[in-house]
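Student: Before I accept any labels here, I would like to hear what each one rests on.
Tutor: Then ask about them one by one.
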Amino acid sequence: MKNTIKNIIEKIDLSNNFIITTHVNPDGDAIGSELALARYLQSLGKNVTIINHSPTPDYLFFMLNSKDNVLEFKEELHSDLIKNADVIFTLDMSQLSRTKSLENFIRKSTATKICIDHHPSPEDYAELSLVETTSSSTGELVYYLIKQAEVEITLDIALPLYVAIMTDTGSFKYERTTANLHRIIAELLDAGVVPISVHQEIYDQGSANRIQLLGRAFNSLVIAGDGKLAYMKISLNDLKETNSKEEDVEGFVSYTLSIKGVEVGLFFFELENGFKISLRSSTTVPVNKLAGEFNGGGHFFAAGARLEDKSMKDTIPKIIETANQYIKQYSK
Ligand code: 5GP
Ligand code: MN
């Protein structure tokens with residue numbers, strides 16, 4: 001890792017114009033890592049633009065300030081920026097297709113692509129890859145980069161790093177929460193991060209509509225696979241009737257694993273042109289492999305897939321059947 005970071009730092013030194021991007025529907029790790037990296041680069045006097053396919057979700061807005069240049073990709077406005085960049089950083093995603101509308105522009109760009117990620121089996125598109133699957137989050141890797149560059153971790157960098165790590169570790173409880181990670185967190189607190197305020201910003205500012213939506217998800221709960229599989233769903237109609245947004249379903253899937261005996265939890269979310277699945281495992285079933293059956297991917301314990309132009313209603317039975325097979329094969 002030290003050598004890769006050394007090469008990245010050398011490339012940064014020689015470059016001026018940077019683009020940073022991440023996956024569709026960015027989460028706390030995606031936006032937090034982007035902001036920390038951007039602010040570090042800006043502190044070196046570089047030109048930095050963050051361009052994403054999706055807008056920043058409301059619950060992450062508190063991290064932004066007026067100097068952050070965060071744009072939603074529009075071909076007519078931003079394709080030249082991507083074409084003429086010296087370096088494009090792609091964060092928190094293993095496949096370039098997860099940048100959606102940016103994908104082809106990034107592929108065509110002559111910029112040096114640098115991938116920073118913690119997902120298994122990444123696509124090989126980047127000239128430099130800082131990919132560590134043992135890392136809790138992409139934010140943790142951005143931390144190592146900034147540390148090795150010997151740049152001071154000021155509060156404006158510490159805050160998004162904290163958000164990245166906190167959200168991707170389920171508030172410091174998942175398996176990659178190590179003693180070393182807590183030492184990093186201690187340093188971020190020393191820089192001025194206040195845990196309770198960050199937690200309140202992220203988890204306690206939801207709308208009443210979101211709770212209504214959660215109620216609908218709970219109502220849809222089905223237990224299958226001899227009690228080892230639980231799934232819930234939200235339709236476009238649920239979203240409309242509760243006046244909610246796609247980002248409001250963040251975290252819903254985790255409730256499936258709070259049921260005793262459940263080893264695999266699925267959450268189906270209808271989109272305008274198909275649907276999305278969130279998959280979670282609490283034991284020995286590799287849900288990234290299961291997601292792979294439907295062109296998705298992710299981590300062993302948390303994965304996802306987007307099925308475009310497929311009907312949720314017609315496809316769910318097939319997915320449940322496959323999930324049950326996986327449970328039979330891999331369950332403890
Ligand atoms: P979530 O269920 O929270 O949306 O996603 C959980 C994890 O699954 C993410 O951290 C990401 O690694 C992965 N993931 C989610 N959606 C997709 C997808 O459409 N394709 C791939 N390859 N991975 C996904
Ligand atoms: Mn992540």
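Tutor: A polar contact is a pair of N or O atoms within 3.5 Å; within protein, one must be able to donate a hydrogen and the other to accept it, and residues adjacent in sequence count only if both atoms are side-chain atoms. The model is predicted, so local features need pLDDT of at least 70 and side-chain atom pairs count only at pLDDT 80 or more, while totals for chains, interfaces and linings use all residues. Residues are numbered from 1 along each chain as its sequence is written, chains are lettered from A and ligands numbered from 1 in the order in which they are written, and side-chain values use heavy atoms, with hydrogens and water left out.

Student: How much of ligand 1 does the protein cover?
Tutor: On its own, ligand 1 has 500 Å² of accessible area, and the protein covers 85% of that. Such areas come from the Shrake-Rupley method with a 1.4 Å probe; for residues, only the protein chains shown count as cover.

Student: Which residues surround ligand 1?
Tutor: There are 15, and the closest are His-119, Lys-276, Ser-278, Arg-280 and Ala-303. The criterion for being near is a heavy atom of the residue within 4 Å of the molecule.

Student: Which strands supply the shell around ligand 1?
Tutor: β10 (274–281), β11 (297–298) and β12 (302–308) each supply at least two residues. β12 gives the most, with 5 residues. Strands are DSSP runs of E with at least two residues, and helices are runs of H or I with at least four, numbered from the N terminus. The shell also draws at least three residues from each of domain 1 (2–203) and domain 2 (208–330), with bounds taken from an automatic or database domain assignment.

Student: Why is Ser-281 called buried?
Tutor: Buried means under 20% relative accessible area, exposed over 50%, and partly exposed in between (1.4 Å probe, protein chains only). Ser-281 has 5% relative accessibility, so Ser-281 counts as buried. Ser-281 is found in strand β10, and a polar atom of its side chain lies 3.4 Å from the backbone nitrogen of Thr-283.

Student: Why is Ser-109 called buried?
Tutor: Ser-109 has a relative accessible area of 5%, so the label buried applies. Ser-109 sits in the loop between α4 and β5, and its side chain reaches the backbone oxygen of Ile-82 at 2.9 Å.

Student: Why is Ser-121 called exposed?
Tutor: Its relative accessibility is 62%, so Ser-121 counts as exposed. Ser-121 is in the loop between β5 (112–117) and β6 (128–131) and has a positive phi of about 40° although it is not a glycine.

Student: Is Asn-243 buried or exposed?
Tutor: At 63% relative accessibility, Asn-243 is exposed. Its place is in the loop between α10 (236–241) and β9 (264–271), and its phi is positive, about 55°, although Asn-243 is not a glycine.
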